Amino acid sequence: MGSVKVFGPAMSTAVSRVMACLLEKEMPFQLLPIHLPKAQHKSPDFLKLQPFGQVPAFQDGDGTTLFESRAICRYICDQFAGQGNRSLLGPEGGGAADRARVDQWVEAEAHSFNPPSSALVFQLVFAPSMRLKQDPAAIRENEAKLRKVLGVYERRLAESRFLAGNEFSLADLATDKAELLTSRKNVARWWEDISARPSWKKVLDMRGAPPA
């Protein structure tokens, strides 16, 4: 086990994002599951790591603790810059504009893609497992929002292999597969590229999920 620790359930998209980043950087880590139905994320010990009681939390071997998956991924890329995939923050040897292109698509994912996709995952996956009633109106509303975002992705991916350019970056980390993704030619090709990466296959193994 590595000295790096990731706290949270492997099935969480945010936790998967951090795991995929660490795997891309070839950095050993220890996954410490947090059982959400038992409210372990609200325990006093966990709140010392993540004061908002959300997953993931992260701890480096030097005692650095962080939360928010995208901030954790940026830290990982900077802290372990010399190993593994060196283009996650932009093409190696690139400048400020290259890094900004990655950041803009990371922010687009955070503010435009993630809210409706997370709402759909909750309604379609977690609500049934938690014996909660699904909300058909919420499902329709968030499907419509996600379709608009994927329309933007489709146009962008007609111009480049990945969102921020022709190299895999943080902007492409950790997306859950759905019919909405695979029904668009360029988005489907992008998703297949992501699914074929050893890092994402390893994440799926850790989730106990079948290959995409």
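The model is a predicted one, so to speak of local features takes a pLDDT of at least 70 and side-chain atom pairs count only at pLDDT 80 or more, while totals for chains, interfaces and linings use all residues. Residues are numbered from 1 along each chain as its sequence is written, and side-chain values use heavy atoms, with hydrogens and water left out.

The protein splits into domain 1 (4-88 + 201-208) and domain 2 (96-197), with bounds that come from an automatic or database domain assignment. Their C-alpha centres sit 20 Å apart. Where the two meet, 16 residues of domain 1 are in contact with 18 residues of domain 2, contact meaning heavy atoms within 4.5 Å. Together the domains bury about 1500 Å², of which 47% is on carbon and sulfur atoms; buried area here is the accessible area (1.4 Å probe) that two parts lose on being put together, summed over both. On the domain 1 side, Arg70, Arg74 and Leu88 lose the most area to domain 2, together 36% of what that side buries.

Six salt bridges run between domain 1 and domain 2, a salt bridge being a side-chain nitrogen of Lys or Arg within 4 Å of a carboxyl oxygen of Asp or Glu. Three elements, α1 (13-24), α3 (69-79) and α8 (198-207), each give two or more residues to the side of domain 1 that touches domain 2. Helices like these (H or I, at least four residues) and strands (E, at least two) are DSSP runs, numbered from the N terminus. The largest share of that side, six residues, comes from α1. By class, the side has five nonpolar, four polar and seven charged residues, where Ala, Val, Leu, Ile, Met, Phe, Trp, Tyr, Cys and Pro count as nonpolar, Asp, Glu, Lys and Arg as charged, and the others, Gly among them, as polar.

Some of the charged pairs can be named. Glu109 and Arg17 meet in a salt bridge at 2.9 Å, N to O, and Arg17, Arg70 and Glu109 are linked in a network of salt bridges. Arg74 pairs with Asp103, the closest N and O atoms being 3.3 Å apart. Arg74 lies in helix α3 and Asp103 in helix α4, so this pair ties together parts 29 residues apart in sequence. Asp103 is partly exposed, at 23% relative accessibility; buried means under 20% relative accessible area, exposed over 50%, and partly exposed in between (1.4 Å probe, protein chains only). Another salt bridge joins Arg99 to Asp78, at 3.5 Å between the closest N and O atoms. Both are partly exposed, Arg99 with a relative accessible area of 31% and Asp78 with 44%.

Helix α3 also has a buried side to its story: Ser69, Arg70, Ile72, Cys73, Tyr75, Ile76 and Cys77 are its buried residues. What covers them includes α1, β3 (57-59), β4 (65-67) and α4 (96-129).

Over in helix α5 (residues 136-157) sits Asn142, which counts as buried because its relative accessibility is 10%. Leaving out residues up to four places away in sequence, Asn142 touches Pro115, Pro116, Ala119 and Leu120. A salt bridge joins Glu141 and Lys145 (3.2 Å, N to O). These two are four residues apart in helix α5, so about one helical turn separates them.
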